[in-house]
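This report describes selected parts of a predicted model. The sequence and structure come first, and the notes follow.

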Amino acid sequence: MPSATTHDVTVLLIEDEAEIRRFLRTTLPPYGYRLYEATSGGDGLAQASARNPDIILLDLGLPDMNGTTVIEKIRAWSTLPIIVLSARDQEQVKVQAFDLGADDYVTKPFGVEELLARMRAALRHANRPMGDAVEPVCTFGDLSVDLGRRQVFVSGTEVHLTPIEYKLLTTLVRYAGKVVTHRQLLKDVWGPLHIEEGHYVRVYMRQLRNKIEADPAQPRHLVTELGVGYRLRTE
Ligand code: CA
């Protein structure tokens with residue numbers, strides 16, 4: 001159902017595939033999004049600065065430049081949310097896109113519901129500056145995290161986490177709904193000197209899942225984003 005809260009949100013779509021532009025042209029406006037279209041990186045950059053949209057949807061493979069270059073140039077002057085539209089075989093570029101400041105991604109072909117959920121999450125983050133971005137108690141289904149008291153509950157029962165596990169979880173809570181890259185987790189949880197130690201994340205994520213997931217092999221909360229990082233699921 002179209003949502004009243006998304007009225008007048010302006011979206012700049014930078015995408016050279018006519019089919020995807022046509023799809024979004026028909027699906028987004030009924031939800032209250034006003035869509036602007038650019039078919040090249042150059043046009044996208046020009047429109048981004050001219051229109052200052054609320055959110056950008058960006059294809060990574062553009063005719064005149066890589067989408068990553070577009071992200072780099074936009075991040076030089078703006079923190080507006082950027083959602084990457086990526087092909088399935090673009091793992092490496094996708095990670096690069098996150099390191100340059102992309103907010104999230106959807107993999108083609110994507111459904112409109114998935115895209116709308118990503119857009120809502122990205123816009124929510126954009127509207128609330130870091131620091132007061134989260135409520136003192138955050139609840140995600142049977143998982144509840146009390147940031148004030150530093151307590152974690154699963155189905156009402158307190159779960160005891162080590163300091164690293166707790167930091168890992170609260171980092172994902174801070175970016176709830178969004179992908180957090182391995183690199184970002186290493187930086188936020190272990191510090192900038194450890195950003196090459198990818199195995200830290202895997203080891204602690206396994207421990208954390210064992211403590212908070214009903215079935216750690218089929219995680220409902222801490223979802224793996226293959227080749228990119230992890231996401232705390234909110235919907
Ligand atoms: Ca393309």
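The donor residues of the calcium ion follow the sequence spacing D-x42-D-x1-G. Asp16 lies in the loop between strand E1 (9–14) and helix H1 (18–27), and Gly61 lies in the loop between strand E3 (55–59) and helix H3 (67–75), so this pair ties together parts that are 45 residues apart in sequence. The protein donors are Asp16 and Asp59, each through OD, and Gly61 through O, at 2.2 to 2.3 Å from the ion.

Asp16 has a relative accessible area of 33% and is partly exposed. Gly61 is also partly exposed, because its relative accessibility is 37%, and the buried class ends under 20% while the exposed class begins over 50%.

## Glu15, in the loop between E1 and H1

Glu15 is found in the loop between E1 and H1. With a relative accessibility of 0%, Glu15 counts as buried. A polar atom of the Glu15 side chain lies 2.9 Å from the backbone nitrogen of Glu17.

Leaving aside residues up to four places away in sequence, Glu15 touches Ile20, Arg21, Ala38, Thr39, Asp59, Leu62, Leu85 and Lys108. One of these, Asp59, is a donor of the calcium ion.

## Helix H3

The buried residues of H3 are Gly67, Thr68, Val70, Ile71 and Ile74. Viewed down the helix axis, these residues fall within an arc of 155 degrees, so they line one face of H3. An α-helix has 3.6 residues a turn, so residues three or four places apart point the same way.

The cover over the buried residues of H3 includes E1, helix H2 (41–51), E3, strand E4 (82–86) and H4.

Asp103 sits in the loop between helix H4 (91–99) and strand E5 (104–107). Its relative accessibility is 14%, so Asp103 counts as buried.

The side chain of Asp103 makes a polar contact of 2.9 Å with the side chain of Arg75. Another polar contact, of 3.0 Å, joins the side chains of Asp103 and Lys178. Apart from residues up to four places away in sequence, Asp103 touches Arg75, Leu80, Pro81, Ile82, Phe98, Lys178 and Val179.

## Leu35 in strand E2

Leu35 belongs to strand E2 (residues 33–38). At 17% relative accessibility, Leu35 counts as buried. When residues up to four places away in sequence are not counted, Leu35 touches Val11, Leu13, Leu24, Arg25 and Leu28.

Leu35 and Arg75 are 40 residues apart in sequence, and their C-alpha atoms are 21 Å apart in space. Arg75 is the residue whose side chain joins that of Asp103 in a polar contact of 2.9 Å.

## The sheet of E10, E12 and E11

Three strands form an open sheet with antiparallel pairing, in the order E10-E12-E11. Strand E10 (179–181) and strand E11 (222–225) stand at the edges with a single partner strand each, so one side of each has no neighbour in the sheet. From one strand to the next, the twist averages 35 degrees.

E11 pairs with strand E12 (residues 229–232) in the antiparallel sense over four bridges. In this part of the sheet, Glu225 stands opposite Gly229 of E12. Helix H7 (residues 182–190) packs on the sheet and touches E10 and E12, and the direction of H7 makes about 75 degrees with that of E10.

## Pairing around E12

E10 and E12 also pair in the antiparallel sense, over three bridges. Thr181 has Gly229 in E12 as its bridge partner.

E11 and E12 form a hairpin, with three residues between the two strands. Gly227 in the turn has a positive phi of about 75 degrees.

Methods
Residues numbered from 1 in each chain as written. Predicted model: local features only at pLDDT ≥ 70, side-chain atom pairs only at ≥ 80, totals over all residues. Heavy atoms only, no water. Donors = N, O, S within 2.8 Å, 3.2 Å for Na, K, Ca; no water. Buried < 20%, exposed > 50% of the residue type's maximum accessible area, 1.4 Å probe, protein only. Polar contact = N/O pair within 3.5 Å; in protein donor to acceptor, adjacent residues only side chain to side chain. Contact = heavy atoms within 4.5 Å. Pairing = 2+ DSSP bridges. Axes fitted to C-alpha atoms, helices over the stretch in contact; angles between N-to-C directions. Arc of directions from axis to C-beta.
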